[in-house]
Every structure is written in structure tokens, then in C-alpha cells.
Amino acid sequence: MPADGSDEFQLTNSSNKPKPMTTPVNGTIKHQQTNIAIPTHQPLPPHASTNGVSLAASVNLKASQQQQQRQSDLRLHFSNVNYVHKQCKSITTQILNDACGEFKSGRLTAILGPSGAGKTSLLNALSGFKASGVTGNIELNGKPRNIVEFRRMSSYIPQNFAMLDLLTVQETLRVSTDLKLPAETTIKEKDKIISNILEMLNLTHSRNTLVQNLSGGEYKRLSIGVEMVTNPPIMFFDEPTSGLDSVASYQIISYLHKLARDGRVIACVVHQPSSRLMKLFDDILVVSNGCILYSGPQEGMLAEFQKSGFECPQYYNPADYVLEVSSDFTNPLLSKLIHDNRMKHNSGFKTANNNGNAESAALLTNPLSKASTPPHTTVDMLSTISLETEGIRPKERVSVWRQFMVLLKRSTTSTYRNMLSVRLRIIMHIAVAILLGIVFWQIGNDGAKTLTNASCIFFVVMFVFFGNAMPSIFLCPQECAVFIREYLNGWYSIKSYYLAKIISDLPLQFVCPTLLTCIAYFMTGQPMELGRGVMFWGMCLLTGMIGHFMGLVCGSLFQMQMGVFLVPCLTIPLLIFSGFFIRIFEVAAYLKILCDISFFRYTIEGLLRSLYAYDRPDLECSLEFCYYRHPKKFLKDFGMFGDLYGQDVMALCIWILALMILFLFSLWLRIKKAL
Ligand SMILES: Nc1ncnc2c1ncn2[C@@H]1O[C@H](COP(=O)(O)OP(=O)(O)OP(=O)(O)O)[C@@H](O)[C@H]1O
């Protein structure tokens, strides 16, 4: 807190001049450069005056004094945090075991540990991204963490931070500002924020580059930028340096160091940091087999290990040494380290608590200001909080309409830049329509080729269905990962995403079957009657939509490989009951129900009815005798009685509606699974 005890949450720029970045105005904080008012728990993006300032310059005495002063601003303390993963009723895995530790503002913390030790799980639990199976005491400034409030003021950048590949850097940040900043923020202010972030993360030159073309380091930096839009005071990073060379890793950790020096809590999982990288970290947290061996300042780490009998050889990288020690789970000496760490954090916590640290308590509800929250009792603080609560995501910042519009624009931009989903799809529909036209050239009105025409219709159904289902499966996984992250961060509601997704895909659902119908219908010589043409086209549209939604449901519920396997597996059996291979009246009574639910039945019936029902006159005959010259006879033999095109449309609409509901449900399920 500021020395004068004012309400200001002080952040400094890298020039290390203490600079009040925010000034509370009627419950809001005003950014002194951009003059934007936002709620007090979310300070604004940092100044971009950091470029060219060496890290060494930022790590000077003055900074460390200021840092000492700020350290009391935020203190994330956790103790007895357990995470039990339940695979099924009988199989459970204890992943975190009474984890204890602390992160402080102004200090950069490295989380070290061997692979599989539980580092990611710890971050997931602390950041609130993993709720089910997590129990323990997690306190912010000495008071139990309010998970919704905490999620609003913190951000978690996982190792595989998902972003849409086909948006540019600028567009990605634009969506973030549009959805994360309060609705009152003007475009000019958002532009300023974006420019500041780009400048700070050294991404200005890549602002118009598509995300898919960014280098690994740029991608990581952009992921930081996306979360920096609201300038969260607490940030968690899971292996931000993975896959980067030593120079890029140093650059990223330097950014994190700077973010920490600006007064934030920054905790980051790193794998085998070099000695040079280690110097950037203030605090270290060592995880071994789900337990914490050490949590505290880097300077005291080796001494603590030494106390338990682990002597680090001279000239040895401390990170390598603690990694070696923590990898040997069987070493009985580790239990002393674990015990000492637990004692340190549990007793430290009790002492602070018993002192009735009102200042800390006040910071809980609004960590950036000294609120007058009454001191809490030891009992409150030590009570175990189950994190399996319902409301764990922050509320959205902008109206549903605004969310919808931003998402619609993003989804449309991203979809129509995709080769697979648009250009290739359109080209394939045209090519296949021409192929159909050539193979089945002018057979539609020939009574001698009625059965061949039925095969042509069958082919149309297959192509329209799978041609729309498959691209939807392929495009789902990446979008779903982005959706889960953004939804859990409170960017938008499920309904906004759902509506935007459905509407942005509609034009393609319209264009592809239309192209196919127009070309194939004429080339194959189907009846030149407007009514029949429209009925035929309508059936193709509905079939394409069923394919699309089927793809969306499978793609969002399962991994891509599984989706690609499931769509044909689930739908091809329905083909047997379509009435094409075996007539419906020949199907055993107990299987008739499958004919009633097979959407292929209604599609094929609808298409054939559009061509042959409704009193179509007799067909021409190119041979001496044509068995199916009378359209009615053909329909009768196929078991299609009556002019029931409307009934077919109705059945397909019910299918589409059911799939739309299922898609909504699958989004909800993905969220549930992610928690
Ligand atoms: N959903 C899960 N189901 C079963 N086991 C899990 C699950 N998530 C994590 N684990 C197990 O918990 C342990 C810790 O996993 P975690 O990903 O947290 O480790 P880590 O330290 O981050 O590893 P790495 O450094 O390799 O990423 C591992 O043994 C892992 O197999």
C-alpha cells in the first residue's frame, strides 16, 4: 500500500519512478493517460514506456525499496490445498496433497518441479479454473478468496492458450477489449490500450499478422496481451517458455518480471530455467509429487534445503539442484522439507490472522483499495472451503447484444478466412454438381432411367450431408478451446456465443446446397417447374443443416478423431432405415421405429416427392418399354404414398431443432467437463 495510506494502488513503469497509475473516482479508477473509468478492482493496461529499457535497469535498489513497500498490497496464501481427480466411482487420484505456499505482489514467483509433480494442477486450482475435486484454504490478503471476484481480478494463461488462428493480432486484442472492458469505453480508448499493449509486448510490427503465422514467442506474448487488456493484478502462467529458445525465453520471463515489478502477483511454471533466467525470479515454489517442498524467497531456498540435509554443490544451478531433489520422491528427507513448509505457511498464516490484520482484510473485497471490511476470525479463515461452487465465473462486462455482435463479427471473419470451411467447400460443391451432371446427364425425365435418377438423388443426399458435417467437425476443437477459456473468464454468455455461431454459419449453409442444386438440377434434366425446383432445393438446404449441426455436436463433444469416426458411425446405420435399400413396409415391425427416426428417410422421400409426386405427368421413354414411366407407380413401389412433402419438411425441422438443442447442451457439457 502507498506509504501515505491513500487508496491508490501504485504501479510503476519500468523507469522505476513511482507513478500512481490510477486515481479512484466515485468507486472507479481513472487511468491517467487514457482517462478511462473502470471498476476499482481492474486497473488499466500498463504504460507502454518499457521498450528499450533493460531489465537490469529495472532491478535496482530503488525498485526493490518500492517493491518492498508494495509487497503488502496483495498476498495470495494457500494452505492444505488438495486436488483429488475422480476418474470413476472407484478410481480416484490424489494430485495435490496439502499444498501450502504464498504469492506476493511485486514479486515474480517460479513454480519448479519434475514432470507430473502437479504444477499445472496447482495453478488450475489456485486460479479457479479447476473447481471440482479441489478443497483447501485459499486466502487473498488473509481472507477466504471470493472465487468470482478472484477470477475477475486474475488471469490464467495456460500452456496451450487457445486463440483463433485466422484473426490478426490486432483483431484478437480488439475482441478482448470489446468484451472485457466496460461498455462505456470508447473506440479511441480501446485503440490506445491496444497500441500500449502491442508496444509493451513488442508486437507492433506484427499487428496485422494472422495468429497462425506468429512465431512461438510472439504467440506467447500475444496470449499475455489478451489477458493484459484489463490489467489484472494477479496473473498465472503455465510454462510460458515451453518450446522457445533461450533468448525468447529470457524475453518472456523479462516481461513477466516487469509485470511483477509493476505491482502484480505473477506466478509462473518453468521447466529447468537456466541460471540467467533464475536471476529474474524473486520467489520459488518447489512442487514434488503433489506436495510443496519450499515456497519463499529464492535467497532462502538453498538454506532451507540444506537444513533438511540437501547440500547444493558449489557452482550448481539451484534450479537444477532442487529439480533433482524433488524428482526423488522416495527420499525420506523430503518429508522434513514438506513438513517445514507446511508449518511455515500454516503458522505464518495464523499469526497474521491472530494479529487481526484489518488492512489485509479490507483488501479482500477490493484488493486495490483499503475497504473497511471488519477483521475476520481465525475460525472463518481456517474453515475448509469447497471450491465446488456453482457461480465461479465473473459476470460479463457488456450487454448480451454487444457480446453477440462482437462474436458474430469475429466468427464471420474467422470462418470466411478459412480455406477449408469456405473456398474449398464451395469449390467442391460446384465440382461435384458438375460431375453429377455429367454422369447423370439429362436422365431426370426419362422413364427408362428412373431408378438411376433415384441413385443420383441418393448421391446428392450423401454429398450434401457429409460435405457439411465434416468441415464442422474439423473446425470445432480450436473454437471450443477458445470458447471455454473466454466463457470461463466471463467474456460472454453461452447464448451469445451459440447464437453468433449459428448465424455466422448460416450463409454457407445456404450457399453450398444452393450451388449444388442449381447446377445438378439442370444438368441432370429434372422437371423444369419452379415449385419442384424450390422443393428440391429446400430439401437440400435442410439436409445440409442437419449435417452441419451433427458435425457441430460431435465436434464439440468429442476430440476431432472421435468426431470424424462418430458421425459416419452414427448416421450410416440410419441409412438402412431410409427406405432406399429396403422398403419401409418390408422392415420388421419392431424395427419400424428406426425408420421413423431416420432423417435420411425424410430427406430421400422429400427429394423424390419433389420430383415425382404432386401429379407429375408421365415421363418420356427412351426404350420400347419403361416400367417406371408413371411417377406414381415408382413412388408406390418405393413405399412412398401420398403427397406428403410437408410432413418430410416437418420431420427434418424437428431433427434440426433437436440437434440445435443438443449443440447448446454440448457447449454446456464442455464447460462442465472443463471445470
Ligand atoms: N485429469 C486428470 N486425470 C488423471 N490424472 C491427472 C489429471 N490431471 C492431472 N493428472 C495427473 O496429476 C499429476 C500432475 O499433473 P500436472 O499436469 O499437474 O503435472 P505437471 O507438474 O504440470 O507436469 P508437466 O510439467 O509434465 O506439465 C500427473 O501425474 C498427471 O498424470
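**Helix packing and the ligand shell**

Arg532, Met535, Phe536, Met539, Thr543 and Ile546 in helix 19 meet Phe599, Thr603, Gly606, Leu607, Ser610 and Leu611 in helix 22. Here, two residues are in contact if their C-beta atoms, placed from the backbone, lie within 7 Å. Helices (H or I, at least four residues) and strands (E, at least two) are DSSP runs, numbered from the N terminus. The model is predicted: local features require pLDDT of at least 70 and side-chain atom pairs count only at pLDDT 80 or more, whereas totals for chains, interfaces and linings use all residues. Residue numbers start from 1 along each chain as its sequence is written.

The contact of helix 19 with helix 22 comprises 7 nonpolar, 4 polar and 1 charged residues. In this classification Ala, Val, Leu, Ile, Met, Phe, Trp, Tyr, Cys and Pro count as nonpolar, Asp, Glu, Lys and Arg as charged, and the others, Gly among them, as polar. The axes of helix 19 and helix 22 come within 8 Å and cross at roughly 165 degrees, which means that helix 19 is roughly antiparallel to helix 22. Axes are lines fitted to C-alpha atoms, for helices over the stretch in contact, and angles run from 0 to 180 degrees between N-to-C directions. Angles under 35 degrees count as roughly parallel, over 145 as roughly antiparallel, 65 to 115 as roughly perpendicular and the rest as oblique. The crossing of helix 19 and helix 22 is left-handed; a crossing has this hand if the near helix is turned anticlockwise from the far one by less than a right angle, and is right-handed if clockwise.

Helix 19 (residues 530–557) also packs against helix 20 (residues 560–576), with axes that come within 8 Å and cross at roughly 135 degrees. Helix 19 is therefore oblique to helix 20. Met550, Gly551, Cys554 and Gly555 of helix 19 make this contact with Met560, Gly563, Leu566, Val567 and Thr571 of helix 20. These residues divide into 5 nonpolar, 4 polar and no charged. The crossing of helix 19 and helix 20 is right-handed.

Helix 22 (residues 599–612) has a further contact, with helix 24 (residues 645–674), at an angle of about 145 degrees and with the axes 9 Å apart. This crossing of helix 22 and helix 24 is left-handed. Among the contact residues are Tyr602, Glu605 and Arg609 of helix 22 and Asp648, Leu652 and Trp655 of helix 24. By class, the contact has 7 nonpolar, 3 polar and 3 charged residues.

The UniProt record, an unreviewed entry, places the feature "transmembrane region" at several spans, including 450–476, 497–522 and 534–558. UniProt positions are given in the numbering used here, feature names are shortened, and annotations may be inferred rather than shown by experiment. Residues 450–476 are 100% helix, with end C-alpha atoms 40 Å apart. Residues 497–522 are 100% helix, with end C-alpha atoms 39 Å apart. For "domain: ABC transporter", UniProt lists residues 76–314; this span is 36% helix and 27% strand.

Which residues surround the ligand? Among them are His85, Thr93, Ile95, Lys119 and Thr120. A residue is near a molecule if its C-beta atom, placed from the backbone, lies within 6 Å of it. Helix 3 gives the most to this shell, with 3 residues. By class, the shell has 2 nonpolar, 8 polar and 1 charged residues.
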